[in-house]
Amino acid sequence: MTTKLFGEPVRRREDARLIIGKGRYLDDIGHNALAAAFVRSPHAHARITAIDTDGALDVEGLVAIYTYEDLHGPMAEPLPVLIPHPQLHHPRTGYPLANGIVNHVGEPIVMVVATDRYIAEDAAERILVSYEELPVVVGVDAAREAANWVHEDVPTNVAAHHHQETGDVEAALAGSTRTMSFTQYIERSACTPMEGKGVHARWDADDSSLRVYTSTQASTSVRAAIAAKLELSLDKVEVIAPDVGGGFGVKIVHPWPEELLIPLAAIALGAEVKWTEDRREHFISSAHERQQRQEITVGYDDDGRISALDVHIWHDNGAYTPYGIIVPIVTATQLVGPYVIPTYRVRVESVYTNTVIVTPYRGAGRPQGCYAMERTMDRIADELDLDRAVVRERNLIQADQFPYDHHLTFQDGRPVIYDSGDYVGLMDKLKVLVGWPEASRLRDEAAARGKLLGVGMAMYVEGTGPGPYEGGHVQVLGSGKVLVSTGLTSQGQGHETAFAQIVASELGVPIEDIEVTTGDTRRFGYAVGTFASRAAVMSGNAIALAARGVKEKALRIAADVLEVDPGDLEIDEGLVQVKGTPGASIPLRTVAVLSNPLRYAFDEAAKQATQFAGPADDSKPPVAVGDAPGLEHVDYYSPIRSTFASGAHAAIVEIDPATWEIEIVKYAVVHDCGNVVNPMIVEGQVHGGVAQGVGGALYERMAYDSDGQLQNASFMDFLMPYASEIPDVVIDHQETPSPLNPLGIKGAGEAGVIPGTAAIASAIEDAVGRRISSMPISPTELYDLMRNDDSELTAAHARRSGTGAMA
């Protein structure tokens, strides 16, 4: 049946609209709105001693100027800590507008509203802010030293001490046959979506209602925050995410100061107000991620089996902690990967620095954890002169060990219990896909061309679909159109297609008849948001349950009309029919009409539902007790815990020893996200993730100087890979369905990026024979490493004979 589309590579329905310029992004809204601009701090740490707005007051077109002194009630309080945690003992957040102190370059101090953005910017330039500069803390090492403090009431600079442990690590290390210790660094990076943040607000004074459009990953949560901070009734606030030009995590934070200040101004001025973020603003005032120092000690035996793992992480959370310590918790709990780690301890110290806040960026702590675990595997293999694949295989969780409990607590507060998987199968497929046994031959061929060739691999497990819930609403109209809505938002993931496929398959209707709406609180008021590879798992299952509710009601109504048992009916191509008897049928659109008993007929179809249309059982009410008019159903999916996707990546690199340019010549991915709704969309997600993984390994780095000034706050200076730097990606899928949800699916959105840094570092190290301990790495840094006589050689470099399996 053509309506059974689950698992089919259906082309993305939204793409035609987006690629011909018919998308509706934030800046396409409110062309006649007043415009806002901001005066932001040029200093990383300073006390504001005066704000002089006089110079801006004679600017023609100026409408209003706001400073902290103009904020009252909840708006004058610090922004919320969205995810409190008992181990976050010194949480700190900023204010919508700076209250006396600025703690990073780019922190907003003054909001200017004018008739257009040009005038607002001109007025903002005339506002003079006086500062008393304070000592600056940049980077985890400076924060650890605590010679200076970011917040005067946090003298250690430590926001949180996070600790999880299984077993007695000290005893296990002492009893291990071998141990090793090393330190590694991951530098700062950032999401840099094509579209920055933006907000448009419109106030209706007649009924005291507010409509806000915002480029967000969490429209329902932004709605709640606006209502709380502006002291509005929740039912009077609407928040809509229009088309969003990428998110990758930065837009899950809420409320951003601008999401409160723009509505505040709209209410105060009785006019539409809009702000769209420019690129420099995004670099210096949104959010970054990744930077961590990771100190690792591992115990293992002569066969490479791990007996104990002890990891101490220093996490740079920037100037504030609005998103709690989710990123380091994810690192701490996902670091163990697909391996049996009998004894494990992780200690995290999350520290303040005078830099932009840190919130999840695609992968959200997992790339750092994968880098720690996979480079540990590489080092064990190197020390023991074993194949890197063999060491991994000896430590893998076996298929008969699921569900596998790591005795850790995940970011959702639930246990880290892997629901299903086949990690041995992943490794087997990866070795074939990348040509693992051929490494020596490839290395020799590259050497003949004057190149250094290396191969690396990395495996990962990704917790996806964390709760608490998402919901779905499915409604069949009398026209036959099927309306589907869910509260989480879309930023390019293909939700309009995947969710429609689920409904088409569950309800038996053509996908062309299905219309999907996401991120609009007018259509669906309860939701959590789009993050942590959860959309398909959470909203996908909620929508499936809602569709099943509609189907049950449709079969029941049709059964009365056709005088058959509901169990004898099926729905195909929008037709409810007796199984095996196609002639005995009724269109689903007619069932929708009949589901709503009418007194008045407005068209020919509606006549069928009026009181004199035909015989009726007058012993029963028109709408049965416990039933409701209309062919629609709302349902929610709330998981007992997260489901865990997995995968394995391998990279082959060639390095030119004349320039130390690094080229990725092949990249292989084996991915397992359970049952796949749309393999084409999943492959697209993997490709995009791999591109960001390449960027994180070789290019992307937020470079702060010691004064807290971002040195590369533009696309002229911040490097991202072009299509020319992204290798062809070969992909194989493996499906181990999740037993935790009705559809058996796991998330896929972040999988492509997680192991990239680890796999590419492994390949570079294999090629050059020098320890790679800090990523990303540039040709210049690799050149310096090779010239440094103190840089550590790998054992394999000395042993390599040129034949046999790779080290």
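How many residues of strand β28 (residues 643-655) are buried? In this predicted model, local features need pLDDT of at least 70 and side-chain atom pairs count only at pLDDT 80 or more, while totals for chains, interfaces and linings use all residues. Residues are numbered from 1 along each chain as its sequence is written, and side-chain values use heavy atoms, without hydrogens and water.

**View 1. Burial of strand β28.** Of the 13 residues in β28, 13 are buried, so the strand is largely enclosed by the rest of the structure. Buried denotes under 20% relative accessible area (1.4 Å probe, protein chains only); strands are DSSP runs of E, at least two residues, numbered from the N terminus. In a regular strand the side chains alternate between the two faces of the sheet. Both faces of β28 are covered, with T643, G647 and I655 among the buried residues on one side and F644, A650 and E654 among those on the other.

**View 2. Pairing of β28 with its neighbours.** Strands pair if DSSP finds at least two bridges between them. Strand β20 (residues 452-464) runs antiparallel to β28 and is joined to it by 13 bridges; G456 has A651 as its bridge partner. Ten bridges link β28 to the antiparallel strand β29 (residues 662-672), where H671 lies opposite G647. Six residues separate the strands of the β28 and β29 hairpin, in which W660 adopts a positive phi near 60°.

**View 3. Cysteines C370 and C673.** With a disulfide defined as a pair of cysteine sulfur atoms within 2.5 Å, the count is zero. The sulfur of C370 is 17 Å from the closest cysteine sulfur, in C673, too far for a bond. C370 is buried at a relative accessible area of 4%, and C673 is buried at 3%.

Terms used:
Buried means under 20% relative accessible area, exposed over 50%, partly exposed in between (1.4 Å probe, protein chains only). Helices (H or I, at least four residues) and strands (E, at least two) are DSSP runs, numbered from the N terminus.
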